Amino acid sequence: MNDFFTTRQVQDILKVDRITVYRMLQDGRLKGVKIGQQWRFAQQEVERMVGMRLSVEDTAFESPDPNFPAHCVQTIQDLFAEVSQISALVVDMQGNPLTQISHPTRFCQLLLSSKIGKNLCQASWQSFARSSVSQDGANGSKFFICQAGLQYIGAPIFDKEEQVGLFLTGQLYWQPPDPQEEAGRIRRLASESGLPSAELQSAVREVPVIPVEQHARVESWPFTAARAIQSILYERLCFVERLQQIATLTQIS
């Protein structure tokens, strides 16, 4: 018979708060049973969640910019993903991740678990970053499709007048995909990455499809998040300038 964990124990194991545990229950990411007024979680189920969490951490990309306030931006991104239940990521203008992916789909976790899949994701992000700026330097595309066929929205992030990154939200479909086209993509991805086709096919069915009536609202969300990140960059710049002023004033000639 399986051992069962309490909600508090699951919080400690997964390093999340109680509200997140309940949200996982509601959206099906975590399965539990209610005994009286208390939730209990089978050891096997919690181990599955730990494995999913570790797979994301193991495939995480290291931020290439040591001066980027990744910790503060990660907090905003995590909150965005938790509220919207949509994946999010910030990349620089070369497509290099500046943060770790928040709320990744199981499908993308599988892809990132293979070296080839990780390279495909990296190539997609590089393409998104290039396409986000037009030839004359103005804002470019904001809708993107990755090499796995999933769709993204990208909001530019500016530091002063220069675009320094892209807030990506996606791993979704704007409309239900054509079954034959999707099946063909899965076979190709499975062949290229060495991942089980049946597992990829199962995972892709969990990719969210955004209803038409919600398109405009979902489209606006990453731009709001990008503005919040820009405010952090601005405050950081002001803080550094004040420190430099203090250092100049206190210099002993």
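**View 1. S87 is in contact with I101, S102, H103, P104, L168, T169, G170 and Q171, its neighbours within four places in sequence left aside.** Contact means heavy atoms within 4.5 Å. The model is predicted: local features need pLDDT of at least 70, side-chain atom pairs count only at pLDDT 80 or more, and totals for chains, interfaces and linings use all residues. Residues are numbered from 1 along each chain as its sequence is written, and side-chain values use heavy atoms, with hydrogens and water left out. S87 belongs to strand β4, residues 87–92. Helices (H or I, at least four residues) and strands (E, at least two) are DSSP runs, numbered from the N terminus. S87 has a relative accessible area of 4% and is therefore buried. The cut-offs are under 20% for buried, over 50% for exposed and in between for partly exposed (1.4 Å probe, protein chains only).

**View 2. Q171 and K160 each carry a positive phi.** Most residues other than glycine have a negative phi. Q171 is not a glycine, yet its phi is about 55°. This residue sits in strand β7. Q171 is also one of the contacts of S87. With a relative accessibility of 3%, Q171 is buried. K160 is not a glycine either, and its phi is about 60°. K160 is found in the loop between β6 (151–159) and β7 (162–172). Its relative accessible area is 62%, so K160 is exposed.

**View 3. F128 is a buried residue of helix α6.** Its relative accessible area is 2%. Which residues does F128 contact, leaving aside its neighbours within four places in sequence? They are F144, I145, C146, Y152, L166 and L168. L168 is also on the contact list of S87. G154 lies 26 residues from F128 along the chain. The C-alpha atoms of F128 and G154 are 7.7 Å apart.

**View 4. Helices α6 and α7 cross at roughly 120°.** Two packed helices are described by the angle between their axes and the distance between the axes. Helix α6 covers residues 115–131, and its axis comes within 8 Å of the axis of α7. Axes are lines fitted to C-alpha atoms, for helices over the stretch in contact, with angles from 0 to 180 degrees between N-to-C directions. The two helices are therefore oblique to each other (under 35 degrees is roughly parallel, over 145 roughly antiparallel, 65 to 115 roughly perpendicular, the rest oblique). On the α6 side, I116, G117 and L120 make the contact. By residue class, the contact has 3 nonpolar, 2 polar and 1 charged.

**View 5. R185 is buried and has no salt bridge.** A salt bridge is a side-chain nitrogen of Lys or Arg within 4 Å of a carboxyl oxygen of Asp or Glu. R185 sits in helix α7, residues 179–193. How far away is the nearest side chain of opposite charge? That side chain belongs to E181, at 4.5 Å. Residues up to four places away in sequence aside, R185 touches A148, G149, Y173 and P177.

**View 6. D12 and R8 pair within helix α1.** The model has 4 salt bridges in total. In this one, the N to O distance is 3.7 Å. D12 and R8 are 4 residues apart in helix α1 (residues 7–14), so about one helical turn separates them. D12 is partly exposed, at 43% relative accessibility.

**View 7. R106 and E206 form a salt bridge.** Their closest N and O atoms are 2.8 Å apart. The pair links distant parts of the chain, 100 residues apart. R106 is in helix α5 (residues 106–112), while E206 is in the loop between α8 (197–204) and α9 (215–249). Both ends are partly exposed: R106 has a relative accessible area of 23%, and E206 has 47%.

**View 8. E219 and K142 join in a salt bridge.** The N to O distance is 2.5 Å. E219 is partly exposed, with a relative accessible area of 21%. K142 is partly exposed as well, at 30%.

Methods
Lys and Arg count as positive and Asp and Glu as negative; His and the chain ends are not counted. Ala, Val, Leu, Ile, Met, Phe, Trp, Tyr, Cys and Pro count as nonpolar, Asp, Glu, Lys and Arg as charged, and the others, Gly among them, as polar.
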